[in-house]
Amino acid sequence: MCKYNIQFSECYDGDVWMIEIIIYGMITAFVALMYMFISDLYRDRQWRKNNPDEHNIMERKIKDDFSE
């Protein structure tokens, strides 16, 4: 608000609120992306801890069924 009894448009630039909305939107999007990234890492670690036999399934040698 203005200190003096003048019109609002004289003491506040009208385009500033758009910049503030864009900045707040970018901050919110960044925080949301960081939350998703961190929660995904946490879930992956918990899954690896709870399923150690399934964690390195791609590194295990495949048993050849036709070698017998």
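A polar contact is a pair of N or O atoms within 3.5 Å; within protein, one of the two must be able to donate a hydrogen and the other to accept it. With that in mind, please look at S39, which is found in helix 2. A polar atom of the S39 side chain lies 3.0 Å from the backbone oxygen of M36. Is S39 buried or exposed? Its relative accessibility is 17%, and because buried means under 20%, S39 counts as buried.

Let me now step back to the chain as a whole. What we have on the screen is a predicted model. Its secondary structure comes to 3 helices and 0 strands, and along the sequence the pattern reads α-α-α. The chain has 68 residues, of which buried residues make up 1%.

A word on confidence is in order. The average pLDDT of the chain is 76, and 57% of the residues score at least 70. Which elements have the lowest and the highest mean pLDDT? Helix 1, covering residues 8-11, has the lowest, at 53, while helix 2 has the highest, at 92. Where pLDDT is low, the predicted coordinates should not be read in detail.

I return, then, to helix 2, which spans residues 16-50. How many salt bridges does the structure hold? There is 1, and it is formed by R48 with D44, whose closest N and O atoms are 3.1 Å apart. The two residues are separated by about one helical turn, because they are 4 residues apart in helix 2. As for accessibility, R48 counts as partly exposed at 40%, and D44 likewise counts as partly exposed, at 31%.

My last topic is the surface. Which residues form a nonpolar patch there? They are I19, I23, Y24, I27, F30, V31, M34, F37, I38 and L41, with about 1000 Å² of accessible area together. Take M34 as one of these residues. M34 is found in helix 2, and with a relative accessibility of 36% it counts as partly exposed. A patch takes in residues with over 30% relative accessible area, so M34, at 36%, is above that cut-off.

Thank you for your attention.

Key
Residues are numbered from 1 along each chain as its sequence is written. This is a predicted model: local features need pLDDT of at least 70, side-chain atom pairs count only at pLDDT 80 or more; totals for chains, interfaces and linings use all residues. Side-chain values use heavy atoms; hydrogens and water are left out. Patches are made of residues with over 30% relative accessible area and no salt bridge: like charges are joined within 9 Å, nonpolar side chains (Val, Leu, Ile, Met, Phe, Trp, Tyr) within 5 Å. Accessible areas come from the Shrake-Rupley method with a 1.4 Å probe; for residues, only the protein chains shown count as cover. A salt bridge is a side-chain nitrogen of Lys or Arg within 4 Å of a carboxyl oxygen of Asp or Glu. Buried means under 20% relative accessible area, exposed over 50%, partly exposed in between (1.4 Å probe, protein chains only). pLDDT is the predictor's confidence in each residue, from 0 to 100.
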